[in-house]
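The sequence and structure are shown first.

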Amino acid sequence: MKDALDTGELPTVSNLLTNSHDIRLSAWGPYTKRYIGISHIPAVAEGLRFDLSLFPGLYRRNVLIPNVRWDSGYHPWAALPDLSYFSHRHNIIGKDKLYCDIAYYRVDETAVITRCNFINNTDEVQNLALHAAAWLNFPPKQTNSNELLHMSRVDLPSGSVWVDALPYEELATVHVEPQANLTYDGHIRGEIRADEFVCGVGLEFGQANGDAVRYRFTVPHALPEAVLLLRYRLAQDRVLRLSLSGLVEATIELKGAGMLTTARLDLTDVLAGEVELTMRSGGGTAVALDGFALLPANQVDEICFTPIPWNPQPELLAGPRSGDTLILKYEHVANHYGLAWGGQPSVVRQFLSEDLDWVLRNNVHEHVTTTLTGSGEGHFTDVLMHPITLAAQSECVIYGLVCTGSQADVYQQLAAFDPASAEWEPLFVQAQQKASELLDAKSSGAAYRFSQERMAATVATNIVYPVRTHGTWIRHYTPGRWWDSLYTWDSGFIGLGLLELDTNRAIDNLNAYVTEPGEPDAAFIHHGSPVPTQFYLFHELWNRTQAPELLAYFYPRLQQYHRFMAGRLGSSTTRGLRSNLLKTWDYFYNSGGWDDYPPQVYVHQNRLEGRVTPVVTTAHVIRTAKLMRMASLALGLDTAEFDEDITLLGEALHRYAWDEDAGYFGYVCHDAQGYPAGLLRHESGQNFNQGLDGVSPLVAGICTPAQEQRLVGHLMSKGELWTDYGITAVSQSAAYYRPDGYWNGAVWMAHQWFMWRALLDLGRADEAHRIAHTALTVWQREVESSYNCAEHFLVQNGRGAGWHHFGGLSAPVLNWYSAYHRAGRLSVGLDAWVEAIDFADDQRSMTARLKFYGPPHHAPLVIVSVAASSGYAVTWNGAPVLFHERYPGTLEVQLPTNPASGKLRVSQAASPGTTDDRG
């Protein structure tokens with residue numbers, strides 16, 4: 001076998017994905033972080049975003065501002081995964097009594113048609129208003145913040161060079177922190193965002209004596225007499241000495257003024273060509289380096305650093321029709337934007353404020369002034385259409401247009417737009433039908449269809465811009481718009497949900513979190529709980545596509561990810577104890593995503609992070625090693641490192657973490673030398689890990705039959721982990737269980753998905769189905785009641801809680817719905833590798849080649865969902881095998897013990913197939 005993958009020339013997929021963390025979507029989409037609507041990105045790398053939000057209200061009574069930061073009364077309703085069409089429902093009175101469905105249809109890259117459908121299901125005439133608010137957004141200074149990043153530009157005399165501090169060639173520090181090769185959010189190591197810096201970013205370094213940064217740049221023209229000018233910020237009265245080498249051998253002293261300043265160093269002649277410059281710190285304090293300039297000595301005074309004043313106020317230009325068109329020109333965007341809104345009575349107003357939430361509500365009765373002022377800096381152009389009279393039990397549709405381009409192009413598009421044209425309605429009808437067809441299911445899934453469509457719309461439209469990673473701005477799927485950062489473990493589940501809608505979006509989602517082989521700053525993209533869900537997404541992608549180009553592309557990137565998690569790469573401290581048990585406390589407080597998981601809380605409260613290991617990290621890394629081993633075998637590569645990880649980590653869990661008395665795996669304490677010293681116990685004497693962490697080795701697939709029996713017993717027993725609404729995070733029989741926690745006393749979908757996959761490996765059809773069926777039923781009830789896609793569910797009553805438009809960890813409901821109720825799905829456990837799969841066009845037969853790598857005592861289960869029809873036969877390597885038809889056309893196939901590899905065939909039979917005796 002080979003030791004490494006020969007990357008050579010990969011197919012087109014590599015060209016599309018390499019060095020990108022962006023999502024391959026249109027510049028138009030629901031990318032806002034303020035008020036829901038349609039956004040346009042003028043240029044992805046610049047961090048600017050134009051937003052248009054349409055929202056309703058009652059005429060001179062209220063305005064329903066759809067703020068994405070809290071529950072503001074709108075609901076994602078339908079969406080195509082490419083976001084060429086999406087819609088939201090805005091309730092005005094009650095639930096479906098009086099509401100407006102607002103949809104956006106992308107015609108092309110220059111124009112989007114909007115459709116506002118007001119529906120009055122009351123017995124009263126209603127007077128309504130419709131707002132169309134437009135504004136320009138600027139790059140944020142921090143993640144999850146609306147505070148603007150105020151940057152500067154540098155103007156240079158001819159022949160000069162400016163080098164930004166951040167894109168350095170190499171950064172070497174004396175003290176290598178655990179995060180050196182796993183920076184947060186995939187930032188460049190040392191990266192800071194800072195006001196007044198050129199491009200708003202800089203490098204912070206130099207705390208220790210010997211810290212060094214090296215630059216390589218090109219001098220286009222020889223400079224007979226040159227000056228090196230460093231621009232930096234240093235704390236007041238602090239001094240830092242830098243030793244320079246390469247371009248010049250010298251020492252320079254930086255003096256702190258608490259603000260940006262420059263330091264000058266005169267040079268001799270500088271020749272044209274490629275140049276290196278290394279700066280080595282004398283230590284004692286860190287400097288925030290903006291960059292440096294190399295320029296002629298007699299022109300030093302001509303360099304100019306000019307703050308870029310963000311101007312949110314556009315120039316309002318006349319459109320082709322004075323009553324219903326308008327052109328906006330923003331100073332910072334080359335294109336113009338055009339709005340058209342039909343023939344309703346309307347007024348164009350301007351709000352000078354940082355937001356609309358207070359100022360618009362406060363002025364809902366204002367009908368004279370057209371320029372209104374609120375708090376803070378900002379500008380919103382508001383087209384107010386009112387009154388819109390709607391008779392009882394009636395509806396009306398209002399079409400609009402938003403477009404971009406040159407002023408002439410925009411003017412022409414606005415002139416050509418006819419809001420009364422019959423051509424618009426078929427576009428929306430067809431798009432809505434196409435979105436609905438994404439979730440076509442058999443009759444067994446009919447009851448879940450409505451709730452699944454809301455989930456699909458939420459997952460597809462939970463995408464924001466700008467998010468910063470790897471030195472640039474990107475679009476990014478988020479678990480909810482309150483979080484606009486790169487949540488690692490949530491994102492794997494988002495990708496699994498997207499996979500049920502659009503394979504390409506799932507691929508993009510995975511690609512956002514892996515980095516190029518050898519990437520020094522980030523072994524993968526990390527934010528939040530380091531649960532390696534990307535491997536599970538990759539496994540599912542492979543099992544769906546069997547695409548060799550995807551396997552070849554993702555393998556080295558995931559190998560790097562695994563090595564860091566396993567403590568094999570760079571600055572990783574995960575395997576820092578002598579037990580071989582893993583911990584990730586140096587990277588995040590949360591081991592498994594469960595914020596208030598009792599032993600985890602105890603570890604932090606007592607500052608035991610250096611000496612106590614959870615179980616879940618080791619369990620998941622064993623599984624990532626197994627998944628990588630399967631991929632290695634498929635590629636003909638050596639598996640030695642993965643074999644070693646599987647063996648050493650598995651032995652460590654068995655030797656140190658298993659608690660025979662409790663029947664759980666436990667947190668392990670270590671002594672001052674790093675040797676294991678016993679299990680972590682609660683003050684009651686109970687194993688402190690009677691919860692999802694304690695059963696997580698089921699996911700690793702390393703348990704003995706006796707351990708499996710006990711762990712599944714805990715998992716599925718009422719009064720322990722099982723509730724009427726699914727699996728809770730902590731056993732209800734534990735002394736530290738509480739019914740009102742965030743995780744401790746709640747039901748979440750994510751870890752249930754892991755357990756469901758593990759139960760397929762164990763051949764536990766009934767238990768696996770109970771998890772999926774309960775989850776789908778709980779989900780259905782909540783969505784139909786509230787229209788919300790909840791974050792988690794309370795054990796007392798099964799009602800949803802947490803974020804109301806949650807994709808992320810709730811996305812597994814899409815996977816269960818597809819596995820049991822959509823024809824054309826093959827669902828397997830974590831030990832299965834699908835070599836080939838072929839469903840007939842009519843979905844009435846299937847052939848698949850499968851390999852299984854689980855323990856020899858396992859008799860795995862696969863779920864084959866074909867068309868609902870009578871009389872199926874199932875064979876494994878030509879011999880009939882047991883199966884149970886859970887729903888019409890949904891076959892739970894029980895394979896023989898230790899099946900290794902073979903061909904699974906499902907076909908219609910003249911007589912009923914071989915089934916087991918379950919009901």
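In which sense do β31 and strand β34 pair, and over how many bridges? The two strands pair in the antiparallel sense, over two bridges. The model is a predicted one.

## The open sheet

β31 and β34 belong to an open sheet of three strands, ordered β31-β34-β35, with antiparallel pairing. β31 (612–613) and β35 (676–679) are the edge strands, each pairing on one side only.

Strand β34 spans residues 668–670. Within it, C669 stands opposite V612.

## Strand β8 and its partners

Strand β8 covers residues 126–137, and eleven of its twelve residues are buried. β8 is joined to strand β3 (residues 49–58) by ten bridges, and the two run antiparallel. D51 has W135 in β8 as its bridge partner.

β8 also pairs with strand β27 (residues 380–390), in the antiparallel sense and over eight bridges. Here A134 has T381 in β27 as its bridge partner.

## Packing of α7 and α9

Helix α7 (residues 503–511) packs with helix α9 (residues 548–565) at an angle of about 15°, and their axes lie 12 Å apart. Because angles under 35 degrees count as roughly parallel, α7 is roughly parallel to α9. The crossing of α7 past α9 is left-handed.

On the α7 side, I507, L510 and N511 make the contact, and on the α9 side L550, Y553 and F554 do. Of the residues in this contact, five are nonpolar, one is polar and none is charged.

Notes:
Residues numbered from 1 in each chain as written. Predicted model: local features only at pLDDT ≥ 70, side-chain atom pairs only at ≥ 80, totals over all residues. Heavy atoms only, no water. Pairing = 2+ DSSP bridges. Helix = DSSP H or I, 4+ residues; strand = E, 2+ residues; numbered from the N terminus. Buried < 20%, exposed > 50% of the residue type's maximum accessible area, 1.4 Å probe, protein only. Axes fitted to C-alpha atoms, helices over the stretch in contact; angles between N-to-C directions. Parallel < 35°, antiparallel > 145°, perpendicular 65-115°, else oblique. Left-handed = near helix turned anticlockwise from the far one by under 90°. Contact = heavy atoms within 4.5 Å. Nonpolar A, V, L, I, M, F, W, Y, C, P; charged D, E, K, R; others polar.
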